[in-house]
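I would like to take you through one structure, slowly, and please look at it with me as I go.

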Amino acid sequence: MPDILYINGRWTTTDEKVIGVEDRGLQFGDSVYEVMKFVRRRPIFVAEHHARLSRGLELVEIPLPWSADELRSVCTELVGRTSFDEGLLYVQVTRGETPRNHFWPEPLTPTTIAYTRSHRFPDAAKKKRGATVITVPEMRWRGCNIKSTNLLPNAMAKKQAQRAGAEEALFVEEGEVREGASATFFAIREGRLITHPADSSILPGTVRDQVISIALAEKIRVDERPVRENELYALDEAFMTSTSLAVMPITSIDGRSVGNGRRGELTEHLQHLYDEIENQA
């Protein structure tokens, strides 16, 4: 069954082929996107996603097509037109369509896309069981703080993880852990959280920001610094965060158990607190 599709201000379905062959999003990955969660037909953290979309578009000099209220209106109508109650909502803005050339003409009208996909989020058993990860060499560009559609290195890393029987890959560069291919990485040692600072080496995750705020409100120390690769196998706990995973325990890295190989107490506590905030958002 096709999904509802918003494209440049009109409504259709994903059955319709709507992108021209010379759209710069297709030709150059000249595009920024967001992924939001919706439950009970309610998009979550729209303002936060709009803020990140706005920052990314500004950095690559693509005009912002929506105000925060306009994006919320589009997302609300899109979810209202959707036939299922929960899932993921994708928003993508490309620079637009023009004859293929590295130089783009100005002004150029952006291509705007939004659509939904049904998604089964982790249940209580999965949140308790956790996930396994591997490490891979960093091979991405220096603009990881932009949520660009240039995701080939991420896709290759995820496939490498899948072939190794793991669920995520952690990028490591010069002995420092950056983040997962599609998730933020958190380590826990001696009751404090450690996660990479929000610089150009990582994507500033919306769930990451929520978890840090929760931890600080709980008087949990948060060290925003890279985790050293040689620290990975001496962690008490670890978890990763993303829109689709929320807070997901990591039970092993490169086949070696994290802590006792089970969800830790602090991770479980943060899971519950985050779920409460998400339910109220």
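This is a predicted model: local features need pLDDT of at least 70, side-chain atom pairs count only at pLDDT 80 or more; totals for chains, interfaces and linings use all residues.

Let me begin with a question: is C144 buried or exposed? C144 is buried, because its relative accessible area is 9%, where buried means under 20% relative accessible area, exposed means over 50%, and partly exposed is what lies in between, with a 1.4 Å probe and protein chains only. Residues are numbered from 1 along each chain as its sequence is written, and side-chain values use heavy atoms, with hydrogens and water left out.

Staying with cysteines for a moment, C75 is buried too, with a relative accessible area of 0%. The structure holds zero disulfides, a disulfide being a pair of cysteine sulfur atoms within 2.5 Å.

Now to the interior. A nonpolar core is a set of buried Ala, Val, Leu, Ile, Met, Phe, Trp, Tyr and Cys residues joined through side-chain atoms within 4.5 Å. The largest one here has 21 residues, and those touching the most other members are M36, W66, L71, L89 and V91. Two or more residues come from each of strand 3 (31-39), helix 2 (46-59), helix 3 (68-81) and strand 5 (87-94), where helices (H or I, at least four residues) and strands (E, at least two) are DSSP runs numbered from the N terminus. Helix 3 gives the largest share of this core, five residues. Another core, of 20 residues, lies apart from it, and V207, I214, V222 and L266 are among its members.

Let us look at two residues in detail. If we do not count residues up to four places away in sequence, L71 touches M36, V46, H50, W66 and V91, contact meaning heavy atoms within 4.5 Å. V35, in strand 3, is buried at a relative accessible area of 13%, and the C-alpha atoms of V35 and L89 are separated by 5.6 Å although these residues are 54 apart along the chain. Leaving aside neighbours within four places in sequence, V35 is in contact with H49, L88, L89, Y90, K147 and T243.

My next topic is the aromatic rings. The structure holds six aromatic pairs, which are rings of Phe, Tyr and Trp (its six-membered ring) with centres within 6.5 Å, called stacked with planes under 30 degrees apart, edge-to-face over 60, and tilted for the rest. F45 and Y274 form a tilted pair, because their ring centres are 6.5 Å apart and their planes are at 45 degrees. F45 lies in the loop between strand 4 (42-43) and helix 2, and Y274 lies in helix 7 (residues 265-280), so this pair ties together parts that are 229 residues apart in sequence. F45 counts as buried at 10% relative accessibility, and Y274 is buried at 1%.

Y90 and Y115, by contrast, are stacked, with 5.3 Å centre to centre and 15 degrees between the planes. Y90 is partly exposed at 26% relative accessibility, and Y115 is partly exposed at 22%. Ring pairs also link Y6, W11 and W66 into a cluster.
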